[in-house]
Amino acid sequence: MGRHRFPGQLLHDRAGNIGIAAALSLPVLAMVVGGAIDVHHAETARSHLSQTLDAATLAAARDEDLELGRRMVDAQLGSHPGIASWASDFSIPGEGRTAGTASAQVKAFFLAIIGQPLITVTAEAEAMVEEAPSPPCVTLLDPSASQALLVNSGARLIARNCEIHVGSG
């Protein structure tokens with residue numbers, strides 16, 4: 001019953017079409033999912049690059065030492081397993097300001113199959129050093145936190161000749 005007597009009848013037979021469609025679309029679906037994993041991996045590396053560059057730019061601005069910034073980037077990115085290569089540059093665009101740029105090549109695993117073995121990510125940072133009347137005793141930097149420092153009523157904080165710097169969302 002399931003057998004065909006003539007080869008021409010095979011052209012009109014619809015049995016097994018889903019198997020063929022699945023076999024043809026599965027490699028494409030696997031590459032899309034794999035590409036998404038590679039893009040997520042690259043975004044994670046970009047976030048690490050950005051955080052590293054922020055810290056290096058602040059240190060270079062504070063110490064007025066551009067080479068310190070480069071060494072910090074090299075030390076941080078050298079231990080990151082997913083980054084194949086990187087470059088950083090620091091400059092002083094104006095009085096009391098330090099700028100940093102960095103780019104990195106992130107290894108792609110799935111996209112390498114289609115000839116894209118590396119994904120380039122970049123970051124920029126700028127720091128400004130201001131002479132404060134008092135040095136900060138507490139510095140809180142968490143742009144994703146809505147309340148990096150929360151002081152409730154009744155709290156007493158004595159900080160003579162000291163400032164608290166809070167940079168949060």
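Select Thr52 first: at 6% relative accessibility, Thr52 counts as buried (buried means under 20% relative accessible area, exposed over 50%, partly exposed in between, with a 1.4 Å probe and protein chains only). Thr52 lies in helix 1; helices are DSSP runs of H or I with at least four residues, strands are runs of E with at least two, and both are numbered from the N terminus.

This is a predicted model, in which local features need pLDDT of at least 70 and side-chain atom pairs count only at pLDDT 80 or more, while totals for chains, interfaces and linings use all residues. Residues are numbered from 1 along each chain as its sequence is written, and side-chain values use heavy atoms, with hydrogens and water left out.

Next, show the neighbours of Thr52. Leaving aside residues up to four places away in sequence, Thr52 touches Met72, Val73, Gln76 and Leu77, a contact being heavy atoms within 4.5 Å.

Now select residues 66-77, which form helix 2. Its 12 residues should span 16 Å at 1.5 Å a residue, and the end C-alpha atoms are 17 Å apart, which agrees; the expected span is 1.5 Å times one less than the number of residues. Colour Leu68, Gly69, Val73 and Leu77, which are buried in helix 2. Seen down the helix axis, the buried residues fall within an arc of 150°, so they line one face of helix 2; the arc is that of the directions from the axis to the C-beta atoms. Their cover includes helix 1 (17-63) and strand 1 (83-94).

At the start of helix 2, pick Asp65. One of its side-chain oxygens comes to within 3.2 Å of the backbone nitrogen of Glu67.

Move on to strand 1 and strand 2 (residues 97-107). The two run antiparallel and are joined by 9 bridges; strands pair if DSSP finds at least two bridges between them. Select Ala87 to find its bridge partner in strand 2, Ser103. Then go to the turn of this hairpin, where 2 residues sit between the strands and Gly96 takes a positive phi near 80°.

Finally, show the whole chain. The chain has 2 helices and 5 strands, in the order α-α-β-β-β-β-β along the sequence. Of its 169 residues, 23% are buried. Among contacts with a separation of 6 or more, 56% are between residues 24 or more positions apart. The accessible surface is about 12000 Å², with 57% belonging to carbon and sulfur atoms; areas come from the Shrake-Rupley method with a 1.4 Å probe, and for residues only the protein chains shown count as cover.

How values were computed
Polar contact = N/O pair within 3.5 Å; in protein donor to acceptor, adjacent residues only side chain to side chain.
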